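Thanks, everyone. I'll keep this short. Please have the sequence and the model open while I talk.

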Amino acid sequence: MRKGFQFLAGTALWFLATVAFYVLSVRNLKVDVVFYSALGDTALATMVAAVILFWSGFFKSLTKFEKFLSVLLWLTLGYSLAISLPTVIDRSLSIYILEKLEQRGGGIRQDAFARVFTEEYLREHHLVEVRLTEQLESGTINLKAGCVKLTPKGASVVRFSRFFRQNLLPRQRLLMGAYSDELVDPFRESTDSPDYRCQ
């Protein structure tokens, strides 16, 4: 019982530290990539909570191994939080659709969604600038003389993602009332020689 209470107290301390670091960073610091920033905040909070956990007499009934497992759990929870909240809300097209429906009085004609995405979503969320910035900061692309090029790291990511997409995504996925395998190879019907390639 005492160990459980101490673990919960440590987890509450970690959570409060995570929220505090996150709020401070998003309000006061320059953020390059939302996900990386949130990960940094949870890593800092975990370090602070770990120092208190290992050196405070309050947690003396927990063994070193139990303290180590607590820290691992906090890191895992922090990763989950960083992906599930700020990153999803920042990036999710699904969230955007719900927010756009609410902005437009609760409803939008289905045949207008392609226009909403191309004319409003791209502009309102600065989608091109944000995604290119994230890829530049991740080292998966570089930008030279107005040409965006894939780096070796980016090529590795693509090899993995294409393999996963073609072999481990659902082959019968529901798309507006019909099951289809189109998303396992979305480039199946792409233009062979588009005019936007770099020279």
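Predicted model: local features only at pLDDT ≥ 70, side-chain atom pairs only at ≥ 80, totals over all residues.

**Starting at Q166**

Is Q166 buried, partly exposed or exposed? It counts as partly exposed, because its relative accessibility is 30%.

Now its partners. Set aside the neighbours within four places in sequence. Q166 is then in contact with R171, V184 and D185. Q166 and D181 are 15 residues apart along the chain, and their C-alpha atoms are separated by 9.5 Å.

Now let's step back to the whole chain. How many helices and strands does the protein have? There are 7 helices and 4 strands. In sequence order the pattern runs α-α-α-α-α-α-β-β-α-β-β. So what about the overall spread? The radius of gyration is 22 Å, whereas the globule rule gives 16 Å for 199 residues, so the protein is more spread out than a compact globule. Along the principal axes, the C-alpha trace spans about 65 × 45 × 40 Å.

Of the 199 residues, 24% are buried. Residues 24 or more positions apart account for 50% of them.

The accessible surface comes to about 14,400 Å². Carbon and sulfur atoms hold 64% of that. As for charge, I count 24 positive and 19 negative side chains. The centres of the two sets lie 10 Å apart.

Now the cysteines. How many disulfides does a search of the whole structure find? It finds 1. The partners are C147 and C198, with their sulfur atoms 1.7 Å apart. This pair links distant parts of the chain, 51 residues apart. C147 is in strand β2, residues 147-150. C198 is in the segment after β4, and β4 itself covers 178-180. As a reminder, a disulfide is a covalent bond between the sulfur atoms of two cysteines.

What is the hand of the link between C147 and C198? It is right-handed, with 115° about the S-S bond.

C147 counts as buried, because its relative accessibility is 10% and the buried class is under 20%. C198 counts as partly exposed, at 37% relative accessibility.

Last topic: backbone angles. In general, most residues other than glycine have a negative phi. Two residues here are worth a look against that background.

Take H126. Its phi is near 45°, a positive value in a residue other than glycine. Where is H126 found? It is in the loop between α5, residues 113-124, and α6, residues 127-138. H126 counts as partly exposed, because its relative accessibility is 46%.

Then A145. It is not a glycine either, yet its phi is positive, about 50°. A145 lies in the loop between β1, residues 141-144, and β2. Recall that β2 is also the strand holding C147. Is A145 buried or exposed? It is exposed, because its relative accessible area is 88% and the exposed class is over 50%.

The disulfide joins C147 and C198. H126 has a positive phi, and A145 has one too.

That's it from me. Over to you.

Terms used:
Residues numbered from 1 in each chain as written. Heavy atoms only, no water. Helix = DSSP H or I, 4+ residues; strand = E, 2+ residues; numbered from the N terminus. Rg over C-alpha atoms; globule rule 2.2 N^0.38 Å. Buried < 20%, exposed > 50% of the residue type's maximum accessible area, 1.4 Å probe, protein only. Contact = heavy atoms within 4.5 Å. Areas by Shrake-Rupley, 256 points an atom, 1.4 Å probe, with all protein chains shown as cover. Lys, Arg positive; Asp, Glu negative; His and termini not counted. Charge placed at Lys NZ, Arg CZ, Asp CG, Glu CD. Disulfide = S-S within 2.5 Å.
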